Amino acid sequence: MTTAAAGAERRLWLRTEYGAIIGHTEAWTWGRTVRLRLRRILHEDDGESGIIDARQLVMALRMVLRVAQMSRRHLTTETGRAILDEGLAAFTAAVPGGKEARTSWSCRRSPSS
């Protein structure tokens, strides 16, 4: 088989066709990041890393919400959407103000604005 024939048989992988899988993977990754940051904040007594971890925790919490909302668009059943909505509601209840949370560096404006 020639290289051209092998290339013709291979289907192009498009991110837009796999939004649900990508969203699920990203949600899992950011959820794991939240757990790891919390563990470090709660169990390590290092002021400097605690400050960095707290800022990163806020970003990770916001990313969990963002990728869950992105994943919702790709769900094809009402049951799937209901399960995700239930999870988002539980997350919002467990992390009040999480949607509005910002880190100080993300709110800064450039001098020109």
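This is a predicted model: local features need pLDDT of at least 70, side-chain atom pairs count only at pLDDT 80 or more; totals for chains, interfaces and linings use all residues.

Tutor: Residues are numbered from 1 along each chain as its sequence is written, and side-chain values use heavy atoms, with hydrogens and water left out.

Student: Why is Ser49 called buried?

Tutor: Buried means under 20% relative accessible area (1.4 Å probe, protein chains only), exposed over 50%, and partly exposed in between. Ser49 has 12% relative accessibility, so Ser49 counts as buried.

Student: Which residues does Ser49 touch, not counting those up to four places away in sequence?

Tutor: They are Arg40 and Glu44, where contact means heavy atoms within 4.5 Å. Ser49 itself lies in helix H3, residues 47-72; a helix is a DSSP run of H or I with at least four residues, numbered from the N terminus.

Student: What makes a space a pocket?

Tutor: On a 1 Å grid over the protein atoms alone, a pocket is an open set of points with protein on both sides within 12 Å along at least five of seven lines, whereas a cavity is a set where a 1.4 Å probe fits but cannot get out; lining residues have an atom within 4 Å of a point.

Student: Which helix gives the most to the lining of the largest pocket?

Tutor: H2 does, with seven residues. The lining includes His24, Trp28 and Arg35.

Student: Which element gives the largest share of the lining of the second largest pocket?

Tutor: That share, four residues, comes from H2.

Note on methods:
Helices (H or I, at least four residues) and strands (E, at least two) are DSSP runs, numbered from the N terminus.
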